[in-house]
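Subject: Structure handover

Hello,

Here is the structure I said I would pass on. Please look through it first, then read my notes below.

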Amino acid sequence: MSSNVRFVQGNEACVEGALYAGLDFFAGYPITPSTEIAELLAGKLPKRGGKFIQMEDEIASLCAIIAASQAGKKGMTATSGPGFSLMQEALGYAVMAEIPCVITSVMRGGPSTGVPTHVSQSDVNQARWGTHGDHSIICLTASNHQDVFAMTVEAFNMSETYRTPVILLFDEIVGHMREKLRLPEPGEVPLVERLRTSVKEGVNYHPYLPREDGRLPMSDFGGVHRYNVTGLFHDMWGFPTDNPKIVRELTRHLTDKIETNAEAICRYKSFFLEDAKHVFISYGSAARTVRQVVEERRLMGEKYGMLELQTLWPFPYAAVREACAQADSIVVVEMNLGQVVDQVKLAVDNKDRVFLINRFDSVFIKPENIIDLMRLIQGKGV
Amino acid sequence: MAIKDYIRERFLPHIWCPGCGHGIVLNGLLHAVDSLGMKKNDMVMVSGIGCSSRISGYVDFHTLHTLHGRALAFATGIKLCRPELNVIVPMGDGDALAIGGNHFIHAARRNINITALVMNNRIYGMTGGQYSPLTGPGRLATTAPLGTVDQMFDVPALAAAAGATFVARTTTFHVKELAKIIAKAITHKGFSVVEILSQCPTYYGRKNKEGDAVAMMLRYKEATTPVGSKAKQENPQLLERGVFVDRQAPEYCEEYDKTIQRAQARA
């Protein structure tokens, strides 16, 4: 076996992805089921000159990451449901101040302390709507360890590209299950570094004046450009303002820089969609179950197909609409009361053909859960 | 360098009320920085939310105006990533010790080389005069129309107990002392805390009938005495000013660098 093939947990695949992407700084607070990410990085980061700190809580963790990024480093934190809730305040700050950073939430069931040690996919809406105010957000997920690695690298790349916090949502099965991971060679996967300003010392630098392509060249703290960064609405100098025009334009900018690039941001995988009459839409570990069902039923002549989502936000409306255009039934499989199914209904014309197959009892969804309900949906009786 | 060169004139006029003590704190801070001959590019100021926190806008450093209470958490991230930068964190009393109380004690425990200024005006000024953890029992505030029953923190005692290696208190009346103490705090290696009594005539003074700004500052003169003075023995009611703690202890960033060296030696 090649030395770059490993047998790891999903949480470790995330760690390897972050290190591959150039992670310099991790601040976190232990919480199940994300803790292995912190534990592994506590040992691995100092070996390469990076830094790890266990902060006093999740709020402080994300604040420290944001500041590290402002100082020019690539930062990440990892948490789970209730810890992610605590981070929402700082998440909004990173959005407003346009500071790249990556937040991994290995989901647990909630509300509140909920079920810490079993599977759920209940942070999808928290990722999108947890902060106050209007803005857009990028949120990625994965169903297997190779993809966990790839999406973690993507998260850093997108974060640096769009100067925005990027959220990685994994579920407990993906986080804790062990399977094969092939580590790519250095240089095999492209990495993105933030655009840094070319403005020289002594020349006026406008930290919040977007270029024509919408990107904001950054100047790291400690460099030659001294400017103000704030969570308040701010002008191109970073100075606080309540000027209605600036408030309106900045709100639009924070949304548009992601929504207008949705096509470039959206990642998904298609299985047997070409002639599918029953289109499944799923993500994370639930998508593994769906894939098994689809493959088995294809052998039996059922025209099943699947769209596996890897970008949850911005929601891939166009891809979903296209995949479902010819479908007799559209079946969303997820482990919550239906957080993605609402978006699917927004995406498709034939809303009355959208069904939800779900579990929200902290138990992994099994193939028979799907097969039984498909009989009903297909009018075959039970 | 002229003091004026440390200021962002573009940001002026400032938002502080007439008579507010925070301008005196800014003045003392700039004199301290000037006396140390510090380069602006080496300075980072991280503030939270409140009247005090707007001070970061007025200084021509790298400035991060963050979230209520969280300034020290942000500052920790900056300092760990760029230990060569001087990180100053001005906070209000509510900012530092209510919502930010947890971050405050943990930054002190770590002994990370950050200078924390607690601009204590005993009130939440920006949001209109609600009581803070330093208002003190029996005092009036908009959320304590009948007087608070809340006890207050003793900031130097709290900071020292939590592990801060430089702890001092001064007031806006003692302007020369203020600049000297801030300069000492900046040059100290480790977590430094300077509590600065700063008058809020608009909300605290008016509500508690303490008179105008001048009257409030004169009260600082009368009610305080240097640390260890004879006057304190004679009148225990007096509040001590000056440096309470100035000791050396392992600094967080340096200790972490040793961890990196150990990890790399092992690898």
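I start with N113(B), which sits in the loop between α5 (101-110) and β4 (115-120) of chain B. The model is predicted, so local features need pLDDT of at least 70 and side-chain atom pairs count only at pLDDT 80 or more, while totals for chains, interfaces and linings use all residues. Residues are numbered from 1 along each chain as its sequence is written, chains are lettered from A and ligands numbered from 1 in the order in which they are written, and side-chain values use heavy atoms, with hydrogens and water left out.

Is N113(B) buried or exposed? N113(B) is buried, because its relative accessible area is 19% and buried means under 20%, exposed over 50%, and partly exposed in between (1.4 Å probe, protein chains only). A polar atom of the N113(B) side chain lies 3.3 Å from the backbone nitrogen of G190(B). That is a polar contact: a pair of N or O atoms within 3.5 Å, where within protein one must be able to donate a hydrogen and the other to accept it, and residues adjacent in sequence count only if both atoms are side-chain atoms. Leaving aside neighbours within four places in sequence, N113(B) is in contact (heavy atoms within 4.5 Å) with residues including K79(B), H188(B) and E251(B).

Phi of N111(B) is near 55°, a positive value in a residue other than glycine. N111(B) is buried, with a relative accessible area of 3%.

Chain A has a residue with positive phi as well: S112(A), which is not glycine, has phi near 60°. S112(A) is in the loop between β5 (101-107) and α5 (124-129) of chain A. With a relative accessible area of 60%, S112(A) is exposed.

T224(B) belongs to strand β9 (residues 224-226) of chain B. This residue counts as buried because its relative accessibility is 7%. The T224(B) side chain reaches the backbone oxygen of Y220(B) at 2.5 Å.

There are cis peptide bonds to look at too. One joins T32(A) and P33(A), with omega about 0°, and P33(A) is placed in the loop between β2 (25-28) and α2 (35-47) of chain A. Another runs from L12(B) to P13(B), with omega near 5°; P13(B) is in the segment before α1 (22-35) of chain B.

For chain A as a whole, the count is 13 helices and 15 strands. Buried residues make up 60% of its 382 residues. The C-alpha atoms of chain A fill a box of roughly 75 × 50 × 40 Å, taken along the principal axes.

Among contacts in chain A between residues at least 6 apart in sequence, 75% join residues at least 24 apart.

Which residues does T224(B) touch, not counting those up to four places away in sequence? They are T171(B), H174(B), L197(B), L238(B), L239(B) and R241(B).

Regards

Technical notes
Helices (H or I, at least four residues) and strands (E, at least two) are DSSP runs, numbered from the N terminus.
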